[in-house]
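Colleague: Hi! Could you show me how to read aromatic pairs and domain contacts in a model?

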Amino acid sequence: MFNFFAAAPKGFEYSLACELKDLGALEVKESVAGVYFSAPLELAYRITLWTRLASRIVLVIYKGPCESPEQLYNAAYCIDWPSHFSNKKTFSIDFHGTGGFINNTQFGALKIKDAVVDRFRDDGESRPDVARVDPDFKIDAHFRSGQVTIAVNFSGSALHQRGYRSTTGQAPLKENLAANMLARSGWQKQPQTILDPFCGSGTVLIEAALMAADIAPGLLREKFGFEHWRSHNKTLWQSVLDEAKARASLGKSRCKIKFYGSDIESYLVAIAKRNAENAGVADLIDFSVADALTVSPPADSGFLISNPPYGERLGSTTELLQLYYQLGDKLKKEFGGWKVAMLCSDVELLSSLKLKADKQMKMFNGALECVFNLYTLHATSTRREAVQLPDGMEISDIAPEFANRIKKNIKQLSKWAKKENIDSFRIYDADIPEYNVAIDKYVDYVVIQEYSAPATIPEAVTKRRISDVLLSLPHALGISPDRITLKTRERQKGTRQYEKLDDKKLEVITQEYNARFKLNLTGYLDTGLFLDHRVTRQLVGKKSNKRNVLNLFSYTGSASVHAALGGAKSVTTVDMSNTYLNWAKENFELNNLSGKQYQFVQADCLQWIKDNSESKYELIFIDPPTFSNSKRMEDSWDVQRDHVNMLGDLIKLLAPQGEIIFSNNKRKFKMDIDTLTKMGMKVENIDHLCLPLDYKRNPHIHNVWLITHA
């Protein structure tokens, strides 16, 4: 009798224990990410060949306390390694776990390697060689909570690698995860018609066919770890192998289960067919190219088991929510009598199915934690009334109060925007507290910014509300989901507004009065144009005629463009970011503005003000961040704390009859008028002149002040 440990991903323990018991294993005991069991050699061979859930199986040689490097070395040295493998074979050590005296796995592996080599030498044999790649013999060690387990890797390379996959799709599903889905869904115990409308490379259906046809998942594997173990019994192993081959031949001919798979991508279906052929089950599975939303149930009852698309690689959030909602609607209408099992890493996507789960489980797809939901669709279930959309798609009335507000706002603002000659404006700004988002229309696209929810609101509630926003918005606005972008942010906090999100670009050109600007709707938290400053920019343009204009903290130079179009004698644009200065230059080119009178300066604006006190400008526009601790600035910046000193330096650059337009976005900003007055400045708040119509619902969005010499 031998002792073993079957390793598996988290969430597999229960089903793996059940599988091992069904295969005849003794003393089965669940652990973290695996199961301990005992078995005689013949049964151990059979389990290794037939397990569909384990990632690897190791033969435990030693298990005991370990609290120092010396104890670890001694534990490994005491094992009679020459009786386990030949010194003519290469070996490697896989060490798992850290803690206590083990800071990294490499240290643990090195200690055991030294012990193994020393044991061979002390037994009078030459030392075996270590091989990093494809060793003959693998030693597996695990350290946890002051205990070490040393074992022989009995199975060899990862057991989920069955050998039938020639290639995979974009987000591959591991074979043993697909098997666990089949086990936990109940299908494995009651095999019947099965459908996967998002089949990808076909893993779920191939694993199901292997089960139904009684084909051992390890039959295609070329080698196993025990083959270079000195106690390996080749005759016994061959008898286990021959038995499995006979069962496969008989089981395949007797299989009457129907398997159906489809995917919208033809190249994935081609891969699935090739994989099924490699696995020897191609004639059992009907693969086709089809949109999941058009697939009809192939029988009156059965199992729909799938891993639908999720994550950025496979679609935008809004598109995916719409897909899941429409899928749930289809299932309720057409799949009565079926059982449904869905695996997804995003619980909100599964919530968008609008189906009540019978059971919810956690499973891991590699390091990614996923949710596995089971549903029963009763043939007599009552379906909700649905609203017909113009394109034939049906959608229930989700978040009606929010949707109605959006429809009302867009109707009013669209007429106003057309009259103003602008095509980018704010549609909604947390009008309804439950839906705490800002929604901006940029030409033909929509950007949603999700504000941070109060700590008193549970995260699950917040996620559900944003899901409802994303589900209802395309219908309310009459636009395609792929034209909606979601950005999560906190209300203006210093330089977070400049934080880059990714390298994707969705660039559009927007019209603002007589100016045009380039926008990037996906690359950054902000798009390149602060819509709330639209009227302020227009004011800069009106005041710029025949004046020398300075724009500090210029961002993408939009105020500078308005100044130039307004007839400025010269425009100096200053910002610390070279990226945004280049963007500003592009905006100038877009408006056919060129010449030496337009200067672009990369500098710390606060330091630049001090260094250029001899320069004079008739109009200065400055819109500093609320807070900044950029590494390129000498000190941190706080607009409330530092505005007096900044304006004291800035007034030196202002011509006698000049004007400073000072703006900031700090919600509770208080201008120190008394101190500024004593410093010889006249200060006038002009918020009422600078608030656009689309921001009337949020009058505290920014502060704007007009400052002149007293």
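**Rings and domains, step by step**

Modeller: Gladly! Let us start with phenylalanine 85, which is buried, with a relative accessible area of 0%; buried means under 20% relative accessible area, exposed over 50% and partly exposed in between (1.4 Å probe, protein chains only). This is a predicted model, in which local features need pLDDT of at least 70, side-chain atom pairs count only at pLDDT 80 or more, and totals for chains, interfaces and linings use all residues. Residues are numbered from 1 along each chain as its sequence is written, and side-chain values use heavy atoms, with hydrogens and water left out.

Colleague: How is a pair of aromatic rings described?

Modeller: By the distance of the centres and the angle of the planes. Rings of Phe, Tyr and Trp (its six-membered ring) pair if their centres lie within 6.5 Å; planes under 30 degrees apart count as stacked, over 60 as edge-to-face and the rest as tilted. That rule gives 30 aromatic pairs here. In one of them, phenylalanine 85 and phenylalanine 91 have ring centres 5.6 Å apart and planes at 45°, so the pair is tilted.

Colleague: Is the pair of phenylalanine 85 and phenylalanine 137 stacked or tilted?

Modeller: The pair is stacked, because the ring centres are 4.3 Å apart and the planes are at 15°. Phenylalanine 85 lies in the loop between helix H3 (69-77) and strand S5 (91-96), while phenylalanine 137 is in strand S6 (residues 137-144), so the pair ties together parts that are 52 residues apart in sequence. Helices (H or I, at least four residues) and strands (E, at least two) are DSSP runs, numbered from the N terminus. Phenylalanine 137 counts as buried, at 0% relative accessibility.

Colleague: Which domains is the chain divided into?

Modeller: They are domain 1 (2-153), domain 2 (175-217 + 248-377), domain 3 (395-487) and domain 4 (521-709), with bounds from an automatic or database domain assignment. The centres of domain 1 and domain 2, taken over C-alpha atoms, are separated by 35 Å. Their contact (heavy atoms within 4.5 Å) takes 14 residues from domain 1 and 16 residues from domain 2.

Colleague: How many salt bridges are there between domain 1 and domain 2?

Modeller: The count is 1 salt bridge, defined as a side-chain nitrogen of Lys or Arg within 4 Å of a carboxyl oxygen of Asp or Glu. Lysine 189 also gives us a case to look at: it forms a salt bridge with aspartate 22, with the closest N and O atoms 3.3 Å apart.
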